[in-house]
Amino acid sequence: MRRRRFLTAAPLLLPAWLARRAVADTPLAYPPVTPGYRIVLPGDHGAHPAFRIEWWYVTGALNAPRADVGFQLTFFRYRPGYAEQLRTPLAARQILFAHAALTWPGDRLQHSERSARANLGAHVSTSDCDVSIGSWRLWRESRESSEPHQAHHSPQRHGNSEYFRLRMQSQPFAFDFILKPTQAPMLQGEQGYSRKGAAPHQASYYLSWPQLQVTGTLIRHRQAQTVEGRAWFDHEWSTAMLADNAVGWDWLGINLDDGGALMAFRLRDSQGETVFADAAWRDASGRQQPFPAHQIRFTPLGHWRSPRSGAVYPVQLEIRLGDLILRTQPVLDDQELNTRRPTPVVYWEGLVHLVGSLRGRGYLELTGYTQRVPL
Amino acid sequence: MNTLAWWLISAQFHSRRTATWLSMLAIALGVALGYAIHLINQAALADFARAMHRVQGEPDAVLAARDSAGSVPLAIVNQLAADPTVALVAPVIETRVRVAESLPAVRLIGVDLFSAGGLMPKLLPRPAEGATIADWLTGGVYVSPTVLARSDLRVGAPITLRRGDRLWTTRIAGDLPAMANEDLLLVADIAWVQEHFGPSDAVSEARILLEPDSAPAEWRRHTAQRLPAGLLLREADDDSARVSNLSRAYRVNLNVLALVALLTSAFLVFATQLTAVAQRSTHFAVLGVIGLSPRRRLLQILLEGLAIGFPGALLGLLMGYALAVAFTQLLGGDLGGGFFSGGVPLIRPTLTATLAFCFLGALTSVAGAIYPAYLNRRQPLAQALKIGFSPTPTGEAAHDHRRLKRLAALSLSAVALSHAPPLFELPLAGYAAIAVLLLIGIDAAPLLTHRLFSAGASLPLPATQRIALQNVAQAPLMAQVAASGLIVSFALTASMVIMVSSFRVAVDHWLDEVLPAPIYLRSKGTPLPPEVLSALRQADAPFVKVEGTAHGTLTLDPRRPDVGLIVREIDRQHPAQRLPLTGRLATPPDDRLPVVWISEALQEIYGIHPGQLLRLPLLGRDVELFVGGVWRDYSRQFGALVISRDDYQRLGGEFQANDLALWPRAGQEASAMTWLTAHTDRHGLRVSTVGEIRDLSLAIFDKSFAVTYALEAAAMLIGLFGLAVTLATSVWLRSREWATLGALGFDRRMLSRAVMLEGALIAVIGLLIGLACGVAIGAVLTHVVNPQAFHWRMPLIVPWSRLLVGAVLTLAAALLASRHAARQATRLPLAQILASGQ
């Protein structure tokens, strides 16, 4: 579901006419997303450069230096289909961009972004998680021989001594975190094949890794502080994801207080009606429960109007998943993002508390409230 | 008292309207010239800096190869990008390509869209006009408005870019509206530029932005240590310094010339105010008797100097501004120095400079009034009341021997100054020597006048002539005043004529030496197409000999302009056959040691000498070279070095000729030209005969000195004003004398002739001394100022015939100026003067 941020952070790369033109110029066949693919780690932590888009997305909520500090850092990979025929080492076959934000209660949301072609001042590995743009980097480290293992959703505690490192710096803030797994990763949809629409090709490969233990350093206003908290890691890759009549989506990924995890999204049409929805809840014992689309209902309860963009966001949502009744409560109302490079795209993405049948903290994303997300 | 001061000033302005206006105008002219030169240079520099910022942004550091043939490996760019201190690395590939017959080779800049946005946004297409990323990444080219205006290329149309034998046909995806008029450039995606023109695995330059809290200087120092020898990590500010250094000597030179124009106007103020003091000696004596203190009398004259200088300076500022605007509109920002090309820079006066020039103008005028003010203070009141002005108050007779001592001391100091080394790389001592030489000329005037005309006055001559001679001989102060303006202006003009003609003769000879072949083929900045080269190698090519030259640059010091690196097909053993060597040849101790021959400028700027071993950052590494000799180069002011093709290739360099010198077979000159043109036409290359290149070079030379002629003309004009004003005063002062002569039977014609003869005699003195000073100053310009400022050395050649013509013309103009005074003499109411005589 990270298409949301993908579009938002890289809108310039994605206008539909561009895609059409690229196809017309060089009929490039991206591989389709099909059911039955077996995700194998750590290889599938790496990039899948043949597909059109891919992202590695980390969100988290801190407990120290103070509660309810939210952070997110996402790396995107995009294969525009241009310059495929060039032989030069600088050919822009793969483009990377990254987007980071920091939510500090009582303060404005801070954000920062970077972009690069993957072979110039940036790098992405195809064999393991390692993606960087300049000094921004997300990578996996493991102290033992990293034997390939099949990702699974077994309830056992995760016993490996592997961890992720997450590093970024910008003028308003910088961080350097270690993300240590406490559980096994969570495959969304059917063993990682996650549907996004009625057509079978409207799908992505989608792996989540909830409940990562966060330690490290956060620099804010030039002051370094030691941090502790919980993070959520998503890795998703796809070629085609968005149904024609969808204008945006509401998505959330929540680390539950009891050790469980919840992911839910819906795609909306221009009337605000649900086009497609999916959700999965893994409880503290490790049992993963999927919810079919007809059991999922998103209802706006409270809105926040952005004084800058004028957009009205349903920051307080009621989400019904079967019998579960859940509500979001944002840590800050104003967690609107305005990515500027190169054209402004505005959306809401921020830390929320989840209350109701399940309690926890995580990230909510609301897109397509100012204009249709141009995917 | 203030009322009195004001009343005196306005009375003075009323009664001596012409002289006051002329003085004011002269000050205005001096200020205007200086101010205009300053404004134009300032605007051109700012324009250049803006153009650079448009294309380069404002990075904290720039990484590039020292050798124009070198490049920055991609691995190093990626390594720098991962440095936590680095916020952004924007790599650039820049080259020159031909796109249209109507255009010279234009810059093609390959940029990375993703990094360029943060540093060089003006190089990117307009984001408002829809996302152009697809166009960009699929190889669209963006062109500056000037390229569109000067060719038949259109947005949306195909375009073919050529460099040597490389061709790239693509389409024009859009324009670059942020680029100003003078920018002739194309921008495209860095990968496409690399694909078609190289270098593979490297870029031309990486522009680096650091994180806001970092220490750039420290980072640069630390990072530079880890870089290979061929790369240079420089400050972006270095480029501004380099641009400024590029034209510094030229600017200083022009400003000094403008100052000389201002100086001559000080003499005019001197003449005017001295006259004013003389004419009003009776008024001041009366005022003195009723209580005006000597100090107030002094201040009054200084105040009048200010009253002339301040409005004059204001007028000069206006004129200067207008002149600068008109000049840039008509001719662009290049004052003839060739440092700034094309474009109309915007004239933006700064407060500091404006105030400074205003102050300078007022100060000059006050300085001119100092001696008259002193005389006014020292006037003996009683005597002044009785018989009027006394030019040498309190018996201050000119003591010849004291004057001689002073002249000797001045001459010694002039000699010493002309031998002093440059200060701040400018010939400041040389300029001081010129000022001292002018002082000597002025100081020598009364001496010479006295000696020459005292002797002449004793000759048996007709009355008119004798009276004129005696008048001049006996009033050396007036003669000095009248002559000093002429001395200064004629000395300046003569010296410039001498310097320019010496230079022109030297350039002429030099062109003979550096252009030995009858035909030249030149492709500015791009390598020659291999098909042309291979056609020349065929047996049917009508040439006996073809020699290639490749031009590159080398950065030796990031704050100085680049040095020319010239690779030539030249015989290592006999460089003198192709280079105008100026000294002895040094023989390398080892035959395998590569040899370079350095230009005089390189020798002087960097202190390199023949026979020395030199380490240079060549071909990406430190190379040891032997300095085989020094040659004369008038075209690269900042130094150049020549290396033979064989040595260059032995060092691993690739020889790609930009220029060819061709010797046609005997008797086939015309057909050779046709043959060559047929082969080169479609490549847009220029074939020139040696004659055309000579003519073009000399035309450029003449154009570059056009501004100095304007300054000379202004100075001459002011000098003649001075003569006219002083003569008129001298006539007025001696009105009783004329009246007496009239009563004794002198008719108007005789009176008029006496005055004109007086003027002519003074002019002759002024011209003679001016000429002598001019030759001396010309020698200083040629032997001190030119080598120190521009590293140009040349023999001194005095064009006597042209100087003589100039002197005769000036004399004629001086006679014309004396007619004005003579007419005044003939209009004097003689009877009335005699009747009212005390």
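**Reading contacts, interface and cores**

Guide: This is a predicted model. Start with chain A: among its contacts between residues at least 6 apart in sequence, 62% join residues at least 24 apart.

Visitor: How many helices and strands does chain A have?

Guide: Chain A holds 2 helices and 25 strands. Of its 375 residues, 53% are buried.

Visitor: Now the interface. How is the size of an interface often given?

Guide: Often as the accessible area lost when the parts come together. Here, count residues instead. The contact takes 31 residues from chain A and 30 residues from chain B.

Visitor: Which elements of chain A each supply at least two residues of the side that touches chain B?

Guide: Helix H2 (16-25) and strand S5 (110-117) of chain A do. H2(A) gives the most, with 4 residues. By class, this side of chain A has 16 nonpolar, 9 polar and 6 charged residues.

Visitor: Next, the cores. Which residues have the most contacts inside the largest nonpolar core?

Guide: Leu96(A) and Ala261(B). That core has 299 residues. Its largest share, 22 residues, comes from helix H2 (residues 17-56) of chain B.

Visitor: Take Ala261(B). Which residues is Ala261(B) in contact with, leaving aside neighbours within four places in sequence?

Guide: Leu29(B), Gly30(B) and Leu33(B) are among them. Leu711(B), Ala714(B), Ala715(B) and Ile718(B) complete the list.

Visitor: How many residues does the second core have?

Guide: The second core is separate and has 38 residues. They include Ile643(B), Ala672(B), Leu676(B) and Leu685(B).

How values were computed
Residues are numbered from 1 along each chain as its sequence is written. Chains are lettered from A and ligands numbered from 1 in the order in which they are written. This is a predicted model: local features need pLDDT of at least 70, side-chain atom pairs count only at pLDDT 80 or more; totals for chains, interfaces and linings use all residues. A residue is buried if 20 or more other C-beta atoms lie within 10 Å of its own, exposed if 12 or fewer, and partly exposed in between; C-beta atoms are placed from the backbone. Two residues are in contact if their C-beta atoms, placed from the backbone, lie within 7 Å. Ala, Val, Leu, Ile, Met, Phe, Trp, Tyr, Cys and Pro count as nonpolar, Asp, Glu, Lys and Arg as charged, and the others, Gly among them, as polar. A nonpolar core is a set of buried Ala, Val, Leu, Ile, Met, Phe, Trp, Tyr and Cys residues joined through C-beta atoms within 7 Å.
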